[in-house]
Amino acid sequence: MDDDIDSMYEVHRTAAFLRERAYTRVALQFPDEMLKDAAAVARALRRELGGGGARLFVMADTAYNSCCVDEVGASHIDAQCVVHYGHACMSPTSNLPAFFVFGKAPLDVDACARSLLECCRKSNKRILVLYGLEYAYALDDLRRAIEDSYKSHSGHPEVQYAEVLCSVMSPSSSSTEENECLESNGISSNGGLSVHNDESTFLNYRCSTEHSSSTHKYSLGGVTWDISVEEKMEDYLIFWIGQDNSAFANIVLTFNRCEIVRYDATANQLSTDVSHLTKVLRRRYYLVEKAKDANIVGILVGTLGVAGYLNIIEQMKELIKAAGKKSYTLVMGRPNSAKLANFPECEVFVYVSCAQTALLDSKEFLAPVITPFEAVLAFSTIVMTLIPAVHVFRGREWTGEYFLDFKDLITSGRQEVAKTTEEARFSFIKGGYMEDNCPQEDEEQSETSLSLAEVTEKALSIQNQNNDAVLYQGGAMSSIDYLKARTYRGLTGEYEGPAPDSVLVGRTGRAAGYNDEKTQHVQ
């Protein structure tokens with residue numbers, strides 16, 4: 001049992017890392033499915049460290065998502081480092097270093113190799129092998145099995161394998177510092193995925209092209225690979241090893257133009273049907289169209305540890321404001337339909353979280369939940385300085401490319417408001433033409449008499465609106481307008497009814513027998 005724990009959770013490698021860094025307060029973060037082994041892992045790790053003064057704390061029930069490093073929970077115990085177990089999204093941390101133990105999910109290497117060889121025979125494309133991080137331990141065995149099989153047939157495999165990006169992560173710098181570092185290293189940011197790796201530090205750089213080499217380097221979901229500059233990702237067949245989970249959905253949506261097959265390691269079978277995920281892409285486009293008609297937008301904070309989350313929140317505020325809409329920032333932990341129902345005035349929510357939890361199934365919600373990238377598509381009425389996303393959208397057109405990582409959208413410069421058009425926009429949701437609200441005017445213009453007349457006219461038009469139009473047809477421009485249209489506005493001090501009666505003394509005693517009841521019984 002102890003040997004299984006040591007091998008499964010890499011106790012020796014973890015202890016060597018902690019001894020090398022001389023950490024004395026370490027947080028061990030377990031997902032729900034691994035929590036049953038938490039006590040055994042802590043005992044084995046403490047035994048391996050030899051009681052050298054290091055204190056270990058087990059964390060469970062994370063504030064947001066178990067795939068992210070829970071820096072908030074670790075800060076409560078003043079941890080110097082977090083050891084993260086299980087599935088990880090590999091989002092960069094803000095303050096604490098992290099050590100990742102991905103685990104070792106069972107994999108039949110021979111069966112997987114046969115399925116991979118079958119794809120090689122049927123497809124005329126090169127094969128790119130991507131996988132869940134829990135299968136990274138078996139990559140060398142799979143590579144040897146493929147090479148041995150081709151040696152017996154005197155062939156050369158056209159197979160490329162992604163590599164694990166890193167297992168140790170240090171807090172990354174801000175996006176501005178990253179861009180400066182890219183420029184100083186002669187790297188231009190012109191893609192949409194994060195690429196960079198060194199032995200001890202993980203920085204979430206965007207997909208970049210090194211001028212000194214002839215390859216494009218990609219990184220997604222904790223694995224990295226490179227292709228020739230003459231090739232495109234569409235020239236490869238992606239062979240995914242793992243479950244149909246959020247990591248696989250991230251691959252399918254990001255490379256939605258590629259041919260993708262999935263090897264189910266549990267059932268030991270090959271699946272080529274990813275139509276359910278392509279339907280998700282169509283639904284996301286529907287939500288983008290629905291978000292265009294919204295006047296009040298809620299920004300949901302889905303992480304407090306991923307580096308750059310404050311930057312993207314501020315960027316979303318500026319984007320929504322420039323589009324003439326009102327935004328409210330909400331922090332509520334893991335969102336659900338009951339929590340979001342407390343904000344009925346919000347017609348759409350923008351969910352800021354890591355890439356693998358960004359897609360919320362909002363069918364049961366009162367309002368749709370979209371990603372920051374979809375918000376850019378919906379509210380792009382301003383001139384964007386997004387280097388990696390210039391080719392993704394032109395005005396309000398979507399070219400089909402899709403990003404889930406909000407780091408691909410963070411800008412280093414300030415956005416400039418473009419001249420708004422007075423032409424009406426056709427709404428596919430409402431089936432008619434609509435005029436978007438103009439961005440808020442500058443303070444100098446608001447002091448003029450003409451602007452004052454416009455504000456007065458707008459206030460009168462809102463006051464004369466039917467309450468049903470404000471509550472149910474999106475007529476409210478802010479939460480104040482929505483509150484005024486409601487019949488019940490909560491408990492307020494403005495009471496206009498009859499004066500209440502004088503204060504009366506109630507009954508005293510217990511419910512089994514009040515004092516006045518006892519007196520009557522005695523009589």
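Aspartate 516 is partly exposed, with a relative accessible area of 35% (partly exposed lies between buried, under 20%, and exposed, over 50%; 1.4 Å probe, protein chains only). Its salt-bridge partner is arginine 507, with the closest N and O atoms 3.7 Å apart. Arginine 507 is exposed, at 51% relative accessible area.

This is a predicted model, in which local features need pLDDT of at least 70 and side-chain atom pairs count only at pLDDT 80 or more, while totals for chains, interfaces and linings use all residues. Residues are numbered from 1 along each chain as its sequence is written, and side-chain values use heavy atoms, leaving out hydrogens and water.

- The model has 13 salt bridges (a side-chain nitrogen of Lys or Arg within 4 Å of a carboxyl oxygen of Asp or Glu).

**Glutamate 158 and arginine 126**
- These two form a salt bridge, with 3.3 Å between the closest N and O atoms.
- Glutamate 158 sits in the loop between helix H6 (139-152) and strand E6 (159-161), and arginine 126 in strand E5 (residues 126-131), so the pair ties together parts 32 residues apart in sequence (helices, H or I, have at least four residues and strands, E, at least two, as DSSP runs numbered from the N terminus).
- Glutamate 158 is partly exposed at 40% relative accessibility.
- Arginine 126 is partly exposed at 28%.

**Glutamate 289 and lysine 292**
- Their side chains meet in a salt bridge at 3.2 Å, N to O.
- They are three residues apart in helix H9 (residues 275-292), which means a separation of about one helical turn.
- Glutamate 289 is buried, at 8% relative accessible area.
- Lysine 292 also counts as buried, at 8% relative accessibility.
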